[in-house]
Amino acid sequence: MQIQTPEWVKHAVFYQIFPDRFAKGQPPTQTRKGIDKGYYPSTLEPWDEPPTPQGYKGGNLWGVIEQLDYIQDLGVTAIYFTPIFQSACNHRYHTHDYYRVDPILGGNEALRVLIDAAHDRNIKVVLDGVFNHASRGFYFFNDILENGPHSPWLHWFKIEDWPLSAYDGSLPANYVGWVGNRALPVFNHDNPEVKEYIMEIGEYWLEFGIDGWRLDVPFEVKTPGFWQEFRDRVKAINPEAYIVGEVWSDCVQWLDGTQFDGVMNYLFTGPTIAFTAGDRVDIDQVKGCDYSAYPAISAVEYGQKMQELLQLYPWEIELTQLNLLDSHDTARVLSIAQGDQVSVELATLLLMTFPGAPSIYYGDEVGLPGKLDPDSRRGFPATEKWDNQVLEYHKQLIAIRNKYSALRTGSYKVLFAEGNVYVFARMLGDEEIIVVINSGTEAANVNVSVTQFNSRPSKIVYGSCEISWQEESTQLELNLLPRKGCIFVNN
């Protein structure tokens with residue numbers, strides 16, 4: 001079988017937005033009447049105060065629209081939104097209505113304007129699909145709470161006994177909630193009606209104009225053929241639609257070309273943090289996470305892990321993985337590294353030069369810290385609180401990635417890995433690029449064999465290091481400063 005993945009994803013730089021916390025904006029004066037135009041409550045948490053598990057800060061899609069020029073200026077070409085559908089929680093993973101954008105976010109009208117404005121800038125829009133479970137307020141489940149065993153929607157969920165207890169934690173829930181959470185009743189995906197309902201949601205928003213789906217906990221859906229059909233139906237509407245799953249571990253069973261185009265690549269995240277941040281990692285911020293961000297690893301171990309990762313899946317899939325350093329589900333990388341900006345810069349350098357689509361979690365590019373949820377979901381800071389050096393190197397690295405095809409679709413070859421020094425090449429046609437990282441606290445001098453190169457990469461486009469070629473042209477000598485990285489290309 002020939003595996004096909006969306007071409008645009010191979011060249012994309014993603015920006016992940018948690019809608020309640022990115023930007024507040026005002027709707028235009030001329031809007032339609034009714035809830036679809038949005039509704040904006042006045043009782044909100046102060047934007048700059050630490051976030052709470054249940055509080056709202058009032059970010060909306062109109063605010064995102066107002067910031068599209070900023071996003072475009074970063075070099076970003078795709079936005080991934082955590083859930084935007086109507087819900088009774090600030091993160092919106094408790095879906096009330098899969099066909100209505102939350103009125104606090106601006107309703108369906110705001111999404112329509114956002115998609116058009118993003119597409120005008122050649123920016124794609126990917127939504128979060130929470131299809132394993134709904135919420136207690138979801139109409140179909142609420143009907144069961146009202147009518148018990150007489151509800152026509154009884155077999156849409158996994159009812160175990162009566163009576164149901166949706167809110168009183170002292171009583172058994174008597175239905176299956178995701179990870180035992182009675183706020184998240186799990187769908188019965190074996191019911192053909194449920195399956196069709198979810199397929200139609202996937203189709204509806206593709207027809208509305210979105211460019212793909214990020215699937216929340218898709219590994220929980222055990223119904224045979226479910227995701228294969230989802231892919232077929234989505235791709236029938238838009239063959240270039242992106243389907244990316246939230247799976248934190250080895251994903252071979254989902255990345256065979258018949259289901260997802262990629263996953264959130266936490267198998268890249270953990271080792272990259274362990275190599276660049278090393279002993280600086282705050283273990284409390286990664287303890288219990290499934291992505292192995294500690295203990296510290298050497299360049300040899302990092303190279304082995306990256307090569308193993310690149311051999312796990314077909315190359316077409318590797319090029320459409322969603323690579324990330326953090327997300328709404330983790331502590332921010334700056335806080336994981338206990339505020340060490342150099343660790344973050346080195347990790348970002350690796351992120352922007354690895355096969356697959358890099359994803360930046362909103363605020364990372366201006367130095368926003370944040371420990372585990374809810375702290376990792378802070379409001380985007382005011383301009384005067386930005387770390388402009390961090391913003392500048394993000395812009396530089398994104399521009400370099402966007403400029404050189406080899407960094408997007410070229411081959412990946414480890415050239416040198418010893419101690420804290422890691423050197424690899426990305427090559428495509430006439431483009432030959434070498435990326436160098438010294439994560440150690442001491443300067444290093446290394447000789448790298450480059451027999452496979454057709455030319456001499458010697459133009460430094462990022463960072464600093466001393467380069468000298470030996471006369472026979474097969475050995476490259478590098479003098480590296482401590483805790484630095486660089487990228488150089490052939491002229």
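What covers the buried residues of H9?

Guide: Some ground rules come before the reply. This is a predicted model, in which local features need pLDDT of at least 70 and side-chain atom pairs count only at pLDDT 80 or more, while totals for chains, interfaces and linings use all residues. Residues are numbered from 1 along each chain as its sequence is written, and side-chain values use heavy atoms, with hydrogens and water left out.

The cover over the buried residues of H9 includes helix H8 (266-276), helix H10 (315-318), helix H12 (341-351), strand S11 (411-418) and strand S12 (421-428). Contact here means heavy atoms within 4.5 Å. Helices (H or I, at least four residues) and strands (E, at least two) are DSSP runs, numbered from the N terminus.

Helix H9 itself has 14 residues, 299-312, and at 1.5 Å a residue it should span 20 Å; the end C-alpha atoms are 20 Å apart, which agrees. The expected span is 1.5 Å times one less than the number of residues. The buried residues of H9 are Ala299, Tyr302, Gly303, Met306, Leu309 and Leu310. Seen down the axis of H9, these buried residues fall within an arc of 125°, so they line one face of the helix. The arc is that of the directions from the helix axis to the C-beta atoms. On the face turned away from the buried side, H9 carries the exposed residues Glu308 and Gln311. Buried means under 20% relative accessible area, exposed over 50%, and partly exposed in between (1.4 Å probe, protein chains only).

Leu310 has a relative accessible area of 13%, so it is buried. Neighbours within four places in sequence left aside, Leu310 is in contact with Trp315, Glu318, Phe354, Pro355 and Tyr412. Met264 is 46 residues from Leu310 along the chain, and their C-alpha atoms are separated by 14 Å.

On the way into H9, the loop between H8 and H9 holds Pro295. Tyr294 and Pro295 are joined by a cis peptide bond, with omega about 0°.

Phi of Gln338 is near 55°, a positive value in a residue other than glycine. Gln338 is exposed, with a relative accessible area of 53%.

The domain assignment gives domain 1 (7-132 + 187-403) and domain 2 (410-489), with bounds that come from an automatic or database domain assignment. Their C-alpha centres lie 32 Å apart, and 27 residues of domain 1 are in contact with 26 residues of domain 2. The two domains bury about 1900 Å² between them, 67% of it on carbon and sulfur atoms. Leu346, Leu349 and Thr353 supply 24% of the area that domain 1 buries against domain 2, more than any other three residues. Buried area is the accessible area (1.4 Å probe) that two parts lose on being put together, summed over both. Across this interface the rule finds 1 salt bridge, the rule being a side-chain nitrogen of Lys or Arg within 4 Å of a carboxyl oxygen of Asp or Glu.
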